[in-house]
Every structure is written in C-alpha cells, then in structure tokens.
Amino acid sequence: MPHATASWLVDNTGLSFEQIAEFCGIHILEVNAMADDLAGSKYTGRDPVQAHELTNEEIAKAEADPEYRMKLQKGPEQVRRTKGPRYTPVSKRQDKPDGIAWLLRNHPEISDAQVGKLIGTTRTTINAIRDREHWNIANIVPKDPVTLGLCSQRELDAVVAKAAKKAGIEPEVPEDKKLGGDKEALIAELHEERAQAERDAEAALAAESGEEEIASEDLTAETLFKDSKDS
C-alpha cells in the first residue's frame, strides 16, 4: 500500500519528498500533492513501523541526512493456514465489525461466505451488522480491512475479482497508480505557470522596448528643437 504509507510518512515524519517517493515507489508529484492536501485525504495513513517495514531508527537516520535512502526491513514470515477458520490476534478482533461494515458498504457483490472467510467471522455477525442489529452498532465505523490488518490487499483483490466475475460486473479501469489521479492536474498547472511566466517576460520586454523608443523620439525632438533655436 505505497500511497497509504506515503501519506503516513508525510504527516508523521520530517523526511524529504524525494526520500518518501523513492521508498514508496511513487512519483514525487504525488507526494507533493499529499503534502498540499490535494491527494492525502484519499488515503488512510498506514504506519510502516507497525507493519515491520521500517524502524524508528531508520526514519531518524533518513531525517538527519536528506541524501540517505531508507531500506525496507524484512518482516516476519506469515504463517499460512490451509484448513480451519482464519486466526485473528486478540488485539485486532475488536476491529472485525468495522472491516465487515466496510465490505458490506463497498463490495455488496461479495457473498457472506467470502466475507466470513476473508475476515474470519460468522454469518450471524455479518447479518447483524447488515441489519444494524449488532450489539455495538452505534460504535461501528466502516474501515478498510487491509488497513486494519485483517487481511492482505492481495487477498481482498482476489475475493473482489472473483465475486465481480460471478456477478457479471465489469471491472473498473484503474487509474494511473504510478503518477496518481492528480497527475494531469499537476502537470497542467505546471505548464500554465510556465506559459504565464513566458507571457510576463514577453510583456516586460515589449514594455521596455516601447520605453526605449519613446525616449529615443524625445531625444530626437529635443535635438531638433535645440538646433533650430541655435540657427
């Protein structure tokens, strides 16, 4: 999740745009847009330290040296289960309702069985949240299960693609993730600034030429008047 990680780094560190862009593998214009709050609001920040991708020491080292490029830390190998329900750490079990609510709202094409397998929950809980009969419904806030750490982005994408195919839903054409959705606007703005600078320079040059021509005409008139007076 490079964009979510970049958004977190912009908000929580003193790293340069170049360092963040290179570490996350995105364009520097995207990082600049996040800093200007043009694109950062689209992403929920993802802490790379908590995800075991960076250490606080690595971030501090990069903040002290703008030329330093951070190195991705290798996280612990995930234990994959081939049978039985998905195991969710106790600290994350309270986040399950939020993840379920997010899936029900954003991907209604996913079946209850798929939601249960992806999140590690039961049909009873899913139906209770859908019907707003869950005991804690007042405090449930839909949140991306990937951001919550309940599943991986690859697992979510696979489930969504499978459900969409079964439902006959055409997949959306993804926007340019390398440069982001604000690429065209940013480039257009830069081009307009450059064109305006060229127009201002031409206007200044024309004004300067006009002033020189007027000064030359005044000097010629003054010379003619002086010569006629002397004669």
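**Entry 1: helix H4**

I started with helix H4 and asked what its buried residues pack against. They pack against helix H1 (2-12) and helix H2 (17-24). I note here that the model is a predicted one.

Next I looked up which residues of H4 are buried. H4 covers residues 56-64, and Glu58, Ile59 and Ala62 are its buried residues. Seen down the axis of H4, these buried residues fall within an arc of 100°, so they line one face of the helix. I turned to the other side of H4 and found Asn56, Glu57 and Ala64 exposed there.

**Entry 2: the whole chain**

I stepped back to the whole chain. The protein chain has 11 helices and 0 strands. Read from the N terminus on, its elements run α-α-α-α-α-α-α-α-α-α-α. I checked burial for the chain as well. It has 231 residues, of which 30% count as buried. Residues 24 or more positions apart account for 62% of them.

**Entry 3: H1 against H2**

I went back to the two helices that H4 packs on, H1 and H2. Two packed helices are described by the angle between their axes and the distance between the axes. For H1 and H2 the angle is about 155°, and the axes are 9 Å apart. That makes H1 roughly antiparallel to H2, as an angle over 145 degrees counts as roughly antiparallel. H1 passes H2 in a right-handed crossing.

Which residues meet here? From H1 I listed Pro2, Thr5, Ala6, Leu9 and Val10, and they meet Ile20, Phe23 and Cys24 in H2.

**Entry 4: the nonpolar cores**

I looked for the largest nonpolar core. It holds 21 residues, and those that touch the most other members are Ile100, Leu103, Ile110, Val115 and Leu156.

Ile110 is then in contact with Leu103, Val115, Val159, Val160 and Ala163.

**Entry 5: H6 against H8**

I moved on to H6 and H8. They pack at an angle of about 65°, with axes 10 Å apart. H6 passes H8 in a right-handed crossing. The contact is made by Pro97, Ile100, Ala101 and Leu104 of H6, together with Thr125, Ile126, Ile129 and Arg130 of H8.

Which residues of H8 are buried? I found Ile126, Ala128 and Ile129. Seen down the axis of H8, its buried residues fall within an arc of 165°, so they line one face of the helix. On the other side of H8, Arg123 and Thr124 are exposed. I also checked what covers the buried residues of H8, and this includes H6 and H7.

Asp112 sits in helix H7. Is Asp112 buried or exposed? Its relative accessible area is 17%, so it counts as buried, the cut-off being under 20%. I left aside the neighbours of Asp112 within four places in sequence and found it in contact with Arg123, Ile126, Asn127 and Arg130.

Lys117 is also found in helix H7. At 68% relative accessibility, Lys117 counts as exposed. I looked up a distance from Lys117 to Val159, which is 42 residues away along the chain. Their C-alpha atoms are separated by 9.8 Å.

**Entry 6: Arg132**

I ended on the loop between H8 and H9, where Arg132 has its place. Most residues other than glycine have a negative phi. What is the phi of Arg132? It is near 55°, a positive value in a residue other than glycine. Arg132 is exposed, with a relative accessible area of 60%.

Technical notes
Residues numbered from 1 in each chain as written. Predicted model: local features only at pLDDT ≥ 70, side-chain atom pairs only at ≥ 80, totals over all residues. Heavy atoms only, no water. Buried < 20%, exposed > 50% of the residue type's maximum accessible area, 1.4 Å probe, protein only. Helix = DSSP H or I, 4+ residues; strand = E, 2+ residues; numbered from the N terminus. Arc of directions from axis to C-beta. Contact = heavy atoms within 4.5 Å. Core = buried A, V, L, I, M, F, W, Y, C linked by side-chain atoms within 4.5 Å. Axes fitted to C-alpha atoms, helices over the stretch in contact; angles between N-to-C directions. Parallel < 35°, antiparallel > 145°, perpendicular 65-115°, else oblique. Left-handed = near helix turned anticlockwise from the far one by under 90°.
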